[in-house]
Amino acid sequence: LFGWKEKWKGWKIPTLVDGPKRRGVGVALGQHITGVNNEMGVVRVNVDGSVDVFSHAEEVGQGIRTVMPMCIAEVLGVSPEVIRISEANTEFVPRGFGLYASRGTPLIIGAAVKAALDAKKQLLERAANILKVKPEDLEIRDNRIFVRSEPDKGMTIQKAATLFGRVGVYGIGYEEVPHYNPKTGKPLWE
């Protein structure tokens, strides 16, 4: 593709000389460590309908504390305004590996979204028992869980959260970076 055989003249031998200008060929290589390590997220849907996200995500100018509530709100069918992101205090939030290498959205938000999906699954299962339907027949939107074919039959997110007691429901999510090639099953470094 590049024509190495035609252009390569040897080490420190220019491929083209034009007066004082010298041209050569070479290879440049760079690496950006996006997506390394794994992350965990925890989401709690409270009995008052608010949502707490336990994450070590710190705002460093990339907008993660704005985007994360938007993503979780979409999963849980609530407004982003009712979602609170915890402070990054390792005494009570899941440990993480930080916001380096463009990993905030794919890994940290990814883990929080999976935690929201876990909480949603639990809410739908519990609501399905009360509403006498299957969880897959339910929809969650506009702060309500309702039967898709009978939108008037349902309950609020708050009511569904009280079905878990006074603490609401916790969802846990993991975002894991594969360390193997899914096609070959071998480690990525092989």
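This is a predicted model: local features need pLDDT of at least 70, side-chain atom pairs count only at pLDDT 80 or more; totals for chains, interfaces and linings use all residues.

Analyst: Residues are numbered from 1 along each chain as its sequence is written, and side-chain values use heavy atoms, leaving out hydrogens and water.

User: Why is Ser-55 called buried?

Analyst: Buried means under 20% relative accessible area, exposed over 50%, and partly exposed in between (1.4 Å probe, protein chains only). Ser-55 has 4% relative accessibility, so Ser-55 counts as buried.

User: What makes Glu-87 and Arg-65 a salt bridge?

Analyst: A salt bridge requires a side-chain nitrogen of Lys or Arg within 4 Å of a carboxyl oxygen of Asp or Glu. The closest N and O atoms of Glu-87 and Arg-65 are 3.7 Å apart, and the pair forms a salt bridge. By this rule the count comes to 8 salt bridges.

User: Why is Glu-87 called exposed, and why is Arg-65 called partly exposed?

Analyst: Glu-87 has 52% relative accessibility and therefore counts as exposed. Arg-65 has a relative accessible area of 22%, so Arg-65 is partly exposed.

User: How do you know that Lys-121 and Glu-125 meet in a salt bridge?

Analyst: Their side chains come to 3.0 Å, N to O, and meet in a salt bridge. Glu-125 is partly exposed because its relative accessible area is 34%.

User: Which residues are linked with Arg-141 in a network of salt bridges?

Analyst: Glu-139, Asp-142 and Arg-148 are linked with Arg-141 in the network. Within the pair of Arg-141 and Glu-139, the closest N and O atoms are 3.5 Å apart.
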